[in-house]
Amino acid sequence: MSIVNQSSTKTGALSSATIDKSQETQPSIFGLDLRGKPKRSCEVGSLESVYVSTRDGVRLALDVTRPMGDGECAKRDTILVMTCYWRGQNSEPSNRYADLFVPHGYAVVVGDVRGTGASFGEWPGHRTRDEILDFSDVLDWIAAQPWSTGNVVGYGLSYTANSATWMASLGNPALKGVVARFVDYSIYEDIDFPGGIRNLTQLQWDSQLKNLNHNVSSKNTGESQPSRGVRPVGEAAELAAALSEHEKAPSRPRLQQSMDKDEYFGMDPSGFDWSPQTAAECISRSGVPIQNWGGWFDSVSAEGSIRQFLLQSNPSSIIIGPWNHGATAATDPLRPAGEEVAPLLATQEANWVRFAAGCFAGEAADEGGKVLHYYTLGEGAWKSTRSWPIPATRQRWYTASGSRLLSSSTDKAGFETLQVDPELADVISNRWETNGGALEFMDKVDYGDRREFDAARLVYTSEPLTRGLEVTGHPVVQLDITSTREDGAFFVYLEAVRPDGVSCYITEGNLRARHRKVWTDSPLSVLGPQHSYLSEDAEPLTPGKSAILSFTLQPISALIPAGYSLRLVLAGSVKGTFANVPEDGPPPFLKFHHPGCYIDLPIIER
């Protein structure tokens, strides 16, 4: 099945896993194949662990696996993965990356980044400039091996996807392509401080990585347990020496709830070095073809995928589905429960392998351009576009007294109040938790029936829709508020209410009040109001004085059926997921003024 590269073109409605058979042509390298399965032609050979020295003498632990029966000089294209999660445990005969790619005829190299696993050096957190430069040293080493063709494709999921994306910034001629899944494109906005508010789920990630770097594995619950330890290279004394260097790494500074982006950039190592978005121009200059995967329900990976689509000029195939972190499970709250969404993981694997093969053959670079494939909730359809945002009509819905959401403003004055409850939590199976436990990704994102949180939030519901409404893009919200405190956290949820009353999560957005100043010169203003999160642009609230907050929600594509109602929900805290703002003192008492509170929805005419 081919993906037609035309703005907002429907390319195959799915009923369960059923594909529209009307377009069964051979897919291009940039197409999304919903039916294909990988063909295997080789057996996985034995694994060899080696140390490779970088330009500054730090030794990195690498595992090399080639097809069974290969002689020393049997030339193979190579898949490279650089990880902070151990390249393998002691006594394991292989690793999951070798098991995935070697059967397709590739050599696979998996490395522990400096300061992690069995590698030497220090790892103070996320990554440093030295870690990024190491990737070029490893690429050079691979290209010089007698079994190498000199051609490499970087591959990864999550942290390893960030590593693969960074490889493209280095201009190394050995790199022919990148397959990156669920990239954290901007660490500040996407992971640590979405909307400028501290994301507490990352504390668990920090704890797990600290354990790993002390050669102790961690469960997703945060409990540490003994394990076989990381796979060593050579004698046990070498591993002990590497682990002793890990102890020298400075502790990652505790990211305070009050941190602005410039403070964050000023950390050691600099937060600036952590985010692939900061290298967008260098990545573009490389011209390396990229296949990028994101999820509507994975923290901010869909937003990051769209930013990559806009900021980078590389030949790119961007794929955004209704997935958790890692795409092991799909969520479509507007379809029947239990219905499968293609492509399933095995078919996704076929797409990675096919794209890598196209990069090695030069076909991906020749295809050129950029294509974004996205799934529409409710409709169960995959579509493609060469431009974003999709041309849409902005439809405004106003909050009004009586918990009403109206398509026209009737309340000329008035307000509703909300006493922020710092103990208010939400479901743990949310979009943030799926990317918070780095070692074992949560199986499913499930927000359940949103009505259970109504008591401590403000809720506004429309009349039932008389026709289906496709929302594709970035909803934009404006809040006209008054607070008793100088700062606050504001959370907005867009939901769809079924005829039986169950309220289904669609998307959300948040903003810390001190960061409300709109950054008018942002290169991403086409997506909606942007914010710099810099201390120089901070605008604390004046207690008792009205202020306007305008911000985008996370992007989504959803066809909300006729008979459903729209629902807008406002909150001032999400305990356990985000830090409270302010951190201490009495929680804010808020007023939301009508008609200055509304949401603009990007509506696709059908």
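Me: Which residue of β10 is the bridge partner of R181?
Reply: Two strands count as paired if DSSP finds at least two bridges between them. Strand β7 (residues 175–181) runs parallel to β10 and is joined to it by four bridges. The β10 partner of R181 is W293.

Me: Which residues of β10 point the other way from I290, N292 and G294?
Reply: In a regular strand, side chains alternate between the two faces of the sheet. Six of the six residues of β10 are buried, where buried means under 20% relative accessible area, exposed over 50% and partly exposed in between, with a 1.4 Å probe and protein chains only. I290, N292 and G294 point one way, and the other way point Q291, W293 and G295.

Me: Is T552 buried or exposed?
Reply: T552 belongs to strand β22 (residues 547–552). Leaving out residues up to four places away in sequence, T552 touches H474, P475, V476, G509, L527, G528, P529 and Q530, contact being heavy atoms within 4.5 Å. Because its relative accessible area is 16%, T552 is buried.

Me: How many disulfides does the model have?
Reply: A disulfide is a pair of cysteine sulfur atoms within 2.5 Å. C282 is partly exposed, at 31% relative accessibility, and its sulfur lies 20 Å from the closest cysteine sulfur, in C359, so the two are too far apart for a bond. By this rule the number of disulfides is zero.

Me: How far apart are the end C-alpha atoms of helix α10?
Reply: The expected span of a helix is 1.5 Å times one less than its number of residues. Of the 17 residues of α10, 13 are buried, so the helix is largely enclosed by the rest of the structure. Helix α10 (residues 345–361) should span 24 Å, and this agrees with the distance between its end C-alpha atoms, 24 Å.

Me: Which residue is joined to P343 by a cis peptide bond?
Reply: Most peptide bonds are trans. P343 is found in the loop between β11 and α10. The cis bond to P343, with omega near 5 degrees, comes from A342.

Me: What is the phi of W86?
Reply: Most residues other than glycine have a negative phi. W86 lies in the loop between β4 (76–83) and α1 (96–101), and is buried because its relative accessible area is 9%. Its phi is positive, near 70 degrees.

Me: Where does S91 lie?
Reply: S91 counts as exposed because its relative accessibility is 59%. Its phi is positive, near 80 degrees. S91 lies in the loop between β4 and α1.

Me: How many contacts beyond four places in sequence does the model have for residues 11–26?
Reply: The mean pLDDT of the chain is 90, and 90% of its residues reach 70 or more; pLDDT is the predictor's confidence in each residue, from 0 to 100. Where pLDDT is low, the predicted coordinates should not be read in detail. Over residues 11–26 pLDDT stays under 50, and the number of contacts beyond four places in sequence is 45.

Note on methods:
Residues numbered from 1 in each chain as written. Heavy atoms only, no water. Helix = DSSP H or I, 4+ residues; strand = E, 2+ residues; numbered from the N terminus.
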